[in-house]
Each structure stands twice: as structure tokens, then as C-alpha cells.
Amino acid sequence: MNHSLSNKTEQRLLHALFFCFGFAIMSWIPRFPEVKANLGLNNGAFGSIMSTGSIGAFFGLLTVGHIIHKYGALKVSLASIGILFSSLGLLVHIHSSFLFLIFNIAFGFGITAVHVCLNSHSFHFLERTKINLVITTAGYWSAGSLSTAIVSGLLIGHLSLIAHIDILCIALAIAMTAMTLKLRPHLLLANEDSEHDYSVKEIFTSFKIDWPVSLGMACAVYLEFALGDWGTIFTKERLDLSGSLSAAPFIVFTAFMILGRLSIEKLLVRTPIHLLVKRAVIFAGLGFGICIIIATHLPASLKWWSYALFILGFGIAGLGSSFTGPAFFAAANRRSSQPSAVVVGQFGVVNNVLTFVVKWVVAWTIQFTGSIALAMMIPAAMMLAAVYFTDSLREGSKAKN
């Protein structure tokens, strides 16, 4: 017979699962040159084939929430962990572009499936205990992703790509499976009401968009995506720094994001979330924008002052944007009448589409103007625009159907 866990134990298990998830999926990114060499592709072809993971992600966001609702979280979580780690393990062994494409789609699906499962666990925990873990779990995910980036970078040249990923996949698959099984007494059960047994048709007809929350989320999180895509390149090209120095501002950004996510609970005691987010997006948007504008207009003789301003701007961006995205994410679940697992998937689809569009806008701005600094003003402006959607975070606010 399964025994109930204390809230504290369940909370620790959820945090550990998010840490392991972040540690797993970001582990191979520093070793992409070796993956590309396995396939014998040029940069353009490699970039194109890597983007196919979004196909699996799209279908995962659209369907996994409904599958959890139908079959229960335990079975779906275990299957998702299996898909995630088996596909990642195979990707580093493959030399065929076609097979890589197939398993990369599976990997994208696995990432999304685990993402939906873990976040549905967090929302279920919130519904049962009234303890909100959405922001702190995001902080543990960020801590995992930063840790694995550092570890993977140190292993290059000392441990082969295949040995590194194989060991990691086996160890983390076992750890995440064990933790999921331990959570069994508290996981979402399969829905037994036949009236809510979703069909394929209903996956599409039941799709609802909460525009204030979705637009607020897209505006608030794109700064993080932009700095992930262009931050290191921006610093390196602008100041002609070494690889390690050019990566430092992004590491500072991630560290401050983790700090903000793990300390937000203390601020919520005195200030409601919608006011905190309103202040945070103004702080992040203005702080980052002003630092970058000043840094890019300093003369070449003041290179290190520019570098210091880059680090300061990235730190402000990380701290200010740390809890804004998770706050909108939590609001999407609270404002919806649908099951939490379904909300996670549908909300993810909308925001993936919105951020994909903005990514193209930023990329082509850089292409036509040749200025990453100018393009970085787009996410800064979007962060400031998020202030218009913070009222959707108020307790008691509801989505319009």
C-alpha cells in the first residue's frame, strides 16, 4: 500500500525532478560541434535539422495534457521519461541525417511530454496544498541547466560525447523514474468521467486562448530567449572577447534568474504578485535597455567599461525577468476551467507560436541592419509592454470564454 508523503517531501521531490530535467536536456548543447561532426553537416544544414525538434514539441503540447487526463499522470510520466532519455541517448550515436531527424522529433516530443507532466504535478500540488511551486520549480530547472552547461563544458576533451551522454541518460532516467514512483500517491489519476473523455476532435475544438495571459507571457519571456540565442554572440562580436569572457554575461543572467526565482516567496508575503511583476518588468526592460545603449555607444578605448555594463545589464535582465514568466504561467492555470495538464499544453502551444514569430522578427532585424544591439531593443520593449497585461495576474481574475 502506498503511503502519503508530507508536503515538504513532495516539494523536495518536485524540485529535484525539475533540476534533473534541466540538467538532462541542456547537457549536450555545449557538445553540438561533436554532434555536427558525427553527421558531417555544415552549419546551415545542422541548424535546420536541429529545428525539427519543434515538430515533436508542437504535437506534445497539443496532446500530452489530454493523455494525462485520460490515463493518469503516473503512466504518462514514466513513458515520457523513457522517450526523453532513449531518444537523447540514440542521438549521439547516429551518423545518418534521416535517422537523426526522426529521433530529434522524438526528443522534442519527450522534452515537451516531461515538461507537461512535471508542471501538471506542480499545479496539482498547488490545488491540494495551496502552496505555489511554479516559480521555485522554474528556478530549480534553471539551476540544473546552468550546472549541466558548466559540467559539459569541463568534460569536453576529457570524456567522449557518447560516454558522457550515455552515463547521464542512464543515471538520470533511473533517478527521475524512482522519484516519480515515490510521488505515486499524489499524482493525478485517470479521469473516470466518460463525459470528459477527450477525443482527437475535442483536442482542437476545446482549444482556448487566454489572450491577456498569453500575450503577457510572450512579452515577459522573450528577453530570456533572445539572450539565450544571441547573448554570447553579441558580447563576442561587439567587444572581440575570448569565448569564456563572452559567455560570462549570460552566466550572470542565468545566476540572477535563479536567485530571483528562489527568493520570490519572501517578497510575496508583503506584495501581491501582479504588483511585483509590474515593477519587475519595468526594472528589467529599462535596466537592460539603458545598459546596452550606453555600452554600445562607448568608444573602443573604454572596452572594459562596456563589458561591465553588459554584465550589469544581463544581471538586471535575469533578476527582473526571473519570476515574470512563471507568474503568467500560474495565472493561465488559475483562470482556466480546464484540467491543469490540458492548460499546460494549450498554453505552451500558443506561446511557442508567439515566440517563434518574434524570433524570426529579431533574426531578420539582425540580418538587415547588421546590429544585434538594435535587435536587442525589441525584447527590451516587449518586456516593458508586459506591464499592460499584469492585471491578469490579480487573484480572482478570470479568462473570458
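## Where the labels come from

Me: How do the residues lining the largest cavity divide into nonpolar, polar and charged?
Reply: Six are nonpolar, four are polar and none is charged. Here Ala, Val, Leu, Ile, Met, Phe, Trp, Tyr, Cys and Pro count as nonpolar, Asp, Glu, Lys and Arg as charged, and the others, Gly among them, as polar. One heads-up: this is a predicted model, where local features need pLDDT of at least 70 and side-chain atom pairs count only at pLDDT 80 or more, while totals for chains, interfaces and linings use all residues. Residues are numbered from 1 along each chain as its sequence is written, and side-chain values use heavy atoms, leaving out hydrogens and water.

Me: Why is a space called a cavity and not a pocket?
Reply: On a 1 Å grid over the protein atoms alone, a cavity is a set of points where a 1.4 Å probe fits but cannot get out; a pocket is an open set with protein on both sides within 12 Å along at least five of seven lines. Lining residues have an atom within 4 Å of a point. The structure has one cavity of 30 Å³ or more, and about 50 Å³ lies in the largest cavity.

Me: Which residues line the largest cavity?
Reply: Leu-17, Ser-77, Ser-80, Ile-81, Val-114, Cys-117, Leu-118, His-121, Met-176 and Thr-180. Helices H5 (73–91), H6 (97–129) and H8 (161–182) each give two or more of the lining residues, with H6 giving the largest share, four.

Me: And the second largest pocket, what is its volume?
Reply: About 380 Å³. Of its 15 lining residues, Leu-126, Asn-132, Ala-330, Arg-334 and Glu-395 are the closest to the centre. Helix H14 supplies the largest share of that lining, five residues, and the lining splits into eight nonpolar, two polar and five charged.

Me: What makes Ser-122 buried?
Reply: Buried means under 20% relative accessible area, exposed over 50%, partly exposed in between (1.4 Å probe, protein chains only). Ser-122 has 1%, so it is buried. Ser-122 sits in helix H6. Beyond its neighbours within four places in sequence, Ser-122 is in contact (heavy atoms within 4.5 Å) with Phe-18 and Thr-137. Over the protein chain of 401 residues, 50% count as buried.

Me: Then why is Lys-130 called exposed?
Reply: Because its relative accessible area is 67%, which passes the exposed cut-off. Lys-130 lies in the loop between H6 and H7. Lys-130 also has a positive phi of about 65 degrees, although it is not a glycine.

Me: What covers the buried residues of H5?
Reply: The cover includes helix H1 (7–25), helix H4 (53–71), H6 and H8. Among those buried residues are Ser-77, Ser-80 and Ile-81, which also line the largest cavity.

Notes
Grid points are joined across faces, edges and corners, and a volume is the space filled by probe spheres set on the points.
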